[in-house]
Amino acid sequence: MNSRADRDRAEALAAALPALVLAARQLAGQLDAGLHGRRRAGPGEQFWQYREAEPGDSLRRIDWRRSARGETLFRREREAETAAVLLIEVDRHPGMGWASAPALASKQARALLLALACGCLALAGGERVAALGCRAPLVGGAALTHLAEALVQPAPTGAGFERGEGVLALFGDFLEAPPLLAERLGALGAGLRGGVLVQVLDPAEVEFPYHGRVLFQDVTAGGPDEDVARAEAIAPAFRARMAAQIEAVARVARAATLTPVLHRTDQPALAALARIYPALNASRQAAR
Amino acid sequence: MGMMLGGISFTAPLILLALLGLPALYFLLRATPPLPRRVAFPALALVRGLNPTERTPARMPLWILLVRLVALGLLIIGLAGPARVPPPLLPGHGPVLLVVDNGFAAGAHFAAMKRAARRVIAQAGHDGVVLLATAPEAAGQKLRASGVLTPRAALAQLGVLRVQPWPDDDRAALVALRAMTQRRRMRPIFLTDGVAGPGRAALIHVLAPVLILSDGAERVRLLQGARLGLHGGLQVRLAVVPQDRPVLAAVLAETPAGAVLARAIIRVAPGARVGSAVIHLPPPLLDQVTRLVLAGPVHAAGVLLLDGAARRVSVGIVGGAQAAQKFIGADYYVQRAIPRADAVRVGALGTLLADQPGVLILPDVRLDPAQVLRLQRFLTRGGVIIRFAGPLSATADDGLTPDPLVAGVRHLGGALGAGTPGRIGDFAAGSPLAGLAVPRDVRVSAARLVDPTRLDPTRVWARLRDGTPIVLGMRQGRGTLVYLLTSANAAWSNWVLAADFPLVMERLLRLGVGARPRHGPVQVISAMDGRGQLGPAGAAARAVPVADLPKMMVSPAHPPGLWGNAQGRIAVNVGAHVPVLRAGRVPSGVARATLSGLRRTRRYGPIFIATGFMLLLVDLLVSLWLRGLLPGRAMLSAALLGVACWGGVHQARADGPSGSALTTAVPAAALHTRLAYIATGDAARDRTTRLGLREISRLVGHETAARLGRPRAVVPGAEPLDLYPMLYWPVTAATPTPDGQACRALDGFMASGGLLVIDTDGGDANAGGSGAGFDPGALAALRRATACLAIPPLAPLTDRATLGHSFFIVRRFPGRFVGAPVLIAAKGGRDADGMSPVVLGQNDWVGAWARGRDGAALHAVLPGDPGQRTDAERFGVNLVIYALTGTYKSDQVQLPMLLQRLAPRRAR
């Protein structure tokens, strides 16, 4: 539809990406430090067996400590593991770029930050990550940057969720009607092996702190403005609706085997990440 | 005046009708909802359908509505001009007839009277004001009441109304009042100073029914009669109207420039008319006082001009130790006849003349022709000479006499006398002695005799009974020569012993202080205005015979001020030339009020309007904030920014000028005078320089009063050089060429009075003196190093220059070496004081001066003849003293000649 505006927004976001990537790394580092005490052996790190070295084996694979006990050179073999794929998706519709106050991060920025931090943690765990809808999973040092770029690209038209294996991490405000969301998640099909659905909301969307006569403008769909004579009068009703929406989204997510996580942009990102990451781990364990 | 509402009136009451429109405005404002806030909202889908179906427009919040209504109400009331008007002074209608006293008695509080007049005019309003001032502005000018004036015109007229230095003319005011045709329908107010005068009662009677506005005559102060007291103080009196409480007033003694030299408090006892005080000042200061002024607003009655009568005379008596002998000395009696207030000096003629006395007394002094010439000059310049005859002066005729004298002495009594001793016959009318009582008991036994054939009778001021002149006097130039033809001691007559001889001396001495006119008409020369300022006299001022002056009353035709004629000046002060102060009586039944009792109209309009606008401003800000156009944080930031700017300005002001180039080392250098040198970088060389300068500093402290601190090495251009009197610069082949900044610093040092001493470590092989060949390349190094300096044309230093005798007398200027020429600025290149800014030598002075800690010289001197090192050190002291004092020593050498040349110039 308005691909031009989409591209502009994407470019503006891309300009902020290096900072965002850095922030995500720091955020992931904080969580990493927080989980340090109960860290389990990562996949692929597990010792499997010793094997006699054969000609042609790399010297770096020789386990010198073991070999020194006898006269044979031993080679250390690790457990072969196939790393899981973390599929990440961040909603890109214009409403995501909104923040109720200049000091608050926009929903988009916060969602991207969380998504990248998840990606960072996954990469550190040896897993592969991929932006939903893109071809190949990303690995290696520049993977995070590539992931970030992929996440802000305008969504490839027509490409739904990739049908394949992987754990899902979906970020967005999910303000659409619950049936629509259920349909969207349903389109992901049976290949799913769990994941998280992170609903990022602005505090103003939850609390509705408006007074007096307010003219609400539609930023998402471009519909007609809503002229509310006394905003405080409709606030209770709105809050009830919003609570119902959040409840519905959680329900839909659980139905699609996704763990729902609610995050408000006025709360610290680390708190959200601390809830997202265990949920992802649990999904991965379950999927394995 | 408009509508009255409980003491508050409105100047434009019709505007208040607009208040009726406020209720309408209320409904209008209430119906107009405030503009909505616009908010982008992604969760709009959840809002949809929530909006209540009733579409009643949003109401304006009630409190905003009230604020707006109150603001508008305030504006409307403010525009209507509310004012609290004091109750009217006079009942009825019609123009106010305002009669204002502006004579001398109003001077002290004329400002308060004018303020009261302004309030009266304000109250009169549109009924108009007729103004009449009671003191005429100039001689021959009749008093006239103004027409009916609008308040604005009346205020303008009041603004130019000036207080006059003479009394009110009530009779003239009466005439002016009677000339007014429409007086009957006016409301009269008399703004008066409260002093009684002729015709005042009649004036009040004619004005009746009148309101008298006055603070009474108690505020009037009249300064009178300054004269020299017997003991040197200046006596001054203050006249007031008798009062129940004591009156205190401060009197200031002022110089012509307005400086106050003394202050005295005069206290007038309760019930008394006059109090007095004495101003004590040292005689030289007393001479500078030209007027006495009452503290407070300066006005004619509070100003006392001083003339000769109040001025001190400085008297010189030519005499000596012998002349001052008790009872027989020539000046013994004369000294006692002089009033003690006058400054008397006794001494030789030459020293007395240098002091410029007003009067010179010569009691029997023999004069040589040169002295006569100087005395003639003294006369021409305005001096007064009082000569006495005597045996010494009788032996020769020196010509310093009004009329030629016959040689010798005429003995009037005694064994050889031609008859009986003479008695004083009379004092010539018109002479300064005229009017003195003729002493009866005076016997003149001997006197000089005037050559009768060449006698000018007008020059005889006193005669003996037989007609022999005994006092001669004449004006010569601006001065006066008086010759008493008898002796100043008791040898020739007993006149000097007479009880009234001091009166004669007093008359004669007064000739020496800006002489006072004795006869003939006098007229005003500079007239005093109502505020005590002297200015040109008006054309209408008339002359008065000097004899009538004491009884003259000041008036437009005879204004106070300085009067005089060709003979001299006399001060006519208001205090001595007005009638005795008496409080005017207010007849019973006449309404009266004090000036301070007059309340002024208070206007509240501006306050209402300002408050209304403030409220509107608040409303505007609140509306903007409600619409989200003015975030609270923005307001806070603006406030903080304002505070920060304000604080920043204060900070900048507190910091003051910054960026001074002073380094931390400088204060130490500034605390103590010290020599400085430019380090060469060669450690041994620098040590020699430092030790040499230290030794010379020590020597200077030992030999002279100058105390110098430790020498300092400086880098020109990197630090200020102004702190050092002398800068020593050893230049060798290794000396680096100074850069531009250093050159500028050295040039500045020389230009600002510093002494730059440039020295080399010996000279080239072909240079003169014993240092030849010690520093090959020295000349080239000198040229190179000084190329960028503004060094004036140089000349060889000789022992006749100031440097040769600025402390020690030295004939040569050796250092470690001797013989090479020393160069200083040639005459044309020195500064205005004749001081050379630079000394250039090749003798290595510091090498000769430098001594180690043990006091032993560091270097041998060449060729080492006896006294070379001593001479070097003496020259060093000379250098420092030259740097410190410049050409002072040269001036001192020339002192006698300078004084001789200055003396006539000073006398002129």
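This is a predicted model: local features need pLDDT of at least 70, side-chain atom pairs count only at pLDDT 80 or more; totals for chains, interfaces and linings use all residues.
Student: At what angle do helix 17 and helix 21 of chain B pack?
Tutor: Axes are lines fitted to C-alpha atoms, for helices over the stretch in contact, and angles run from 0 to 180 degrees between N-to-C directions. Angles under 35 degrees count as roughly parallel, over 145 as roughly antiparallel, 65 to 115 as roughly perpendicular and the rest as oblique. Helix 17 of chain B is therefore called roughly perpendicular to helix 21 of chain B. The axes of helix 17 (residues 683-703) and helix 21 (residues 868-885) of chain B are 9 Å apart, and the angle is about 80°.

Student: How many nonpolar residues does the contact of helix 17 with helix 21 of chain B have?
Tutor: Ala, Val, Leu, Ile, Met, Phe, Trp, Tyr, Cys and Pro count as nonpolar, Asp, Glu, Lys and Arg as charged, and the others, Gly among them, as polar. Sorted in this way, the contact of helix 17 of chain B with helix 21 of chain B has 1 polar residue and 2 charged residues, and its number of nonpolar residues is 5.

Student: Which strands of chain B does helix 17 of chain B lie across?
Tutor: Helix 17 of chain B runs at about 150° to strand 35 of chain B. The strands that this helix lies across are strand 33 (676-678), strand 34 and strand 35 (726-731) of chain B.

Student: Which strands stand at the edges of the open sheet of 7 strands in chain B?
Tutor: The strands follow the order 34-33-35-36-39-38-37 with mixed pairing, where two strands pair if DSSP finds at least two bridges between them. Each edge strand has a single partner strand, so one side of each is left without a neighbour in the sheet. Neighbouring strands of this sheet are turned by 25° against each other on average, direction ignored. The edge strands are strand 34 (712-714) and strand 37 (794-796) of chain B.

Student: Which residue in strand 38 of chain B is the bridge partner of B:Pro796?
Tutor: Strand 37 of chain B and strand 38 (residues 823-825) of chain B run antiparallel and are joined by 3 bridges. Within strand 38 of chain B, the partner of B:Pro796 is B:Leu823.

Student: How many residues of strand 25 of chain B are buried?
Tutor: A residue is buried if 20 or more other C-beta atoms lie within 10 Å of its own, exposed if 12 or fewer, and partly exposed in between, with C-beta atoms placed from the backbone. Strand 25 of chain B pairs over 6 bridges in the parallel sense with strand 19 (residues 384-389) of chain B, and over 6 bridges in the antiparallel sense with strand 24 (residues 469-476) of chain B. Strand 25 (residues 479-487) of chain B is mostly covered, and its count of buried residues is 9 of 9.

Student: Is B:Asp844 buried or exposed?
Tutor: B:Asp844 has a positive phi of about 50° although it is not a glycine, and its place is in the loop between strand 39 (838-841) and helix 20 of chain B. Because 32 other C-beta atoms lie within 10 Å, B:Asp844 is buried.

Student: Which residue of chain B is the bridge partner of A:Leu215?
Tutor: Between the chains, 20 residues of chain B are in contact with 27 residues of chain A. The elements giving two or more residues to the side of chain B that touches chain A are helix 2 (44-47) and strand 3 (37-40) of chain B. Strand 3 of chain B runs parallel to strand 7 (residues 214-217) of chain A, with 4 bridges joining them. In strand 3 of chain B, the bridge partner of A:Leu215 is B:Arg38.

Terms used:
Residues are numbered from 1 along each chain as its sequence is written. Chains are lettered from A and ligands numbered from 1 in the order in which they are written. Two residues are in contact if their C-beta atoms, placed from the backbone, lie within 7 Å.
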